[in-house]
Amino acid sequence: MRNFQQIETHGRSLRVSVDPEPEQEGRPALWPSVGEYPIYDPFLYTTMTTDDERNQRFRAALSQLAPDRRVLDIGTGQDLLWAHEGVQAGARHALAIEVIEDAFHKAAANLSSLTPRDRITLLLGESTNLHFAPRADVCVAEIIGSLAGAEGAAAVLADARNRHLEPGGLVVPHRAVTLAAAVRLSDLLPDQPVAFAEASLPYLRSIFDWHGKPFDVRLRVENPSVDALLSEGAPVEVLNFNGDLRTEQRTTTRLAITRPGRVDGVLTWLNLWCLPDEAPLDALRMKTNWATIYLPLFENPLPVAPGDVLELTFAATLSDDGVHPDYQLSAALHTADGQQRHGSLESPHHGGAFRAHAIYRTLFPAS
């Protein structure tokens, strides 16, 4: 059973499907993907600064790489977390950059309480537009999305390597990969409605307000049922921050169906390495602030069985802001009896269609 609530954005009233049950530890929940938008608040910052799976990996990398070096922290946030961790690990100096003005002012207030504060410099702006000297030896940037590149990590860190790092300088994290598997959305939310968590509505409104109108936001699934996966996961987006880092890419992979069910899209999740020789963070199977992202492909769920194959093409191209990627997906379901069914999705960072897929017409029903 789902409820309906109204949200107001730019003078427009939108009807939204809402899960009436409160969020509980371990219970699946549907949210808009928020990390790629400048709408951070204390709650979102707290979910990151208290993420042990993430933090232990970044700290281990900085303890190894930061001593006696200059550290650049892009997207430092209100807590200047990695700039402070860098100097605590022995960095000679840390330059912290924050683009969100409210977070910058909070960071400036917090800087006075940090020790040693004279080894941290805070700047407001986009790293891709700033100029400074000397260059850094290590760049740490927690601008990785639940879709690895969604927050603009490829463009931002490619620019940092070219302009802000010394030759041979290193980036933390080392590598990020988006994996995808075939699913049906309703199976990820067993025994509950396909509807937004009530707590997510202010963030949904903030995204629409930031853009100026509603659009089909990416769908973040917290605590999905892993049993719902109809195939193994396969890489569809690879970001090698210390290697061949591509700001745009296109991959085609074949997802072999491993159990009978129905499919209407893919579930994507993050694998992350802060150091090249460590076991990766797995956002599907570990407790972390990164969640999984569901991307719809077919208007209606299609029956599948072992032996069927979902051929998926996944492309990332830079949006009109030159930083954040737009994603394009196309799929062909090949069944064992020789039939083919096709589906697709355009998922821009901002703009684009509203209610283009059946799932969005369910989530935002007409009044």
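Me: How much space lies in the largest cavity?
Reply: This is a predicted model, where local features need pLDDT of at least 70, side-chain atom pairs count only at pLDDT 80 or more, and totals for chains, interfaces and linings use all residues. A cavity is a set of points on a 1 Å grid over the protein atoms alone where a 1.4 Å probe fits but cannot get out. Its volume is the space filled by probe spheres set on the points, joined across faces, edges and corners. For the largest cavity that gives about 70 Å³.

Me: Which residues are the closest to its centre?
Reply: Residues are numbered from 1 along each chain as its sequence is written. Lining residues have an atom within 4 Å of a point. There are 14 of them, and the closest to the centre are Gly149, Ala154, Glu237, Thr247 and Pro325.

Me: How far apart do the C-alpha centres of domain 1 and domain 2 lie?
Reply: The bounds come from an automatic or database domain assignment. Domain 1 covers 3–35 + 176–363, and domain 2 covers 44–144. Their C-alpha centres are separated by 30 Å.

Me: Which three residues supply 38% of the area that domain 1 buries against domain 2?
Reply: Buried area is the accessible area (1.4 Å probe) that two parts lose on being put together, summed over both. Between the domains it is about 1,300 Å², with 70% from carbon and sulfur atoms. On the domain 1 side, the 38% comes from Leu275, Asn289 and Trp290.

Key
Heavy atoms only, no water. 1 Å grid on protein atoms, 1.4 Å probe; cavity = no way out; pocket = protein on both sides within 12 Å on 5 of 7 lines; lining within 4 Å.
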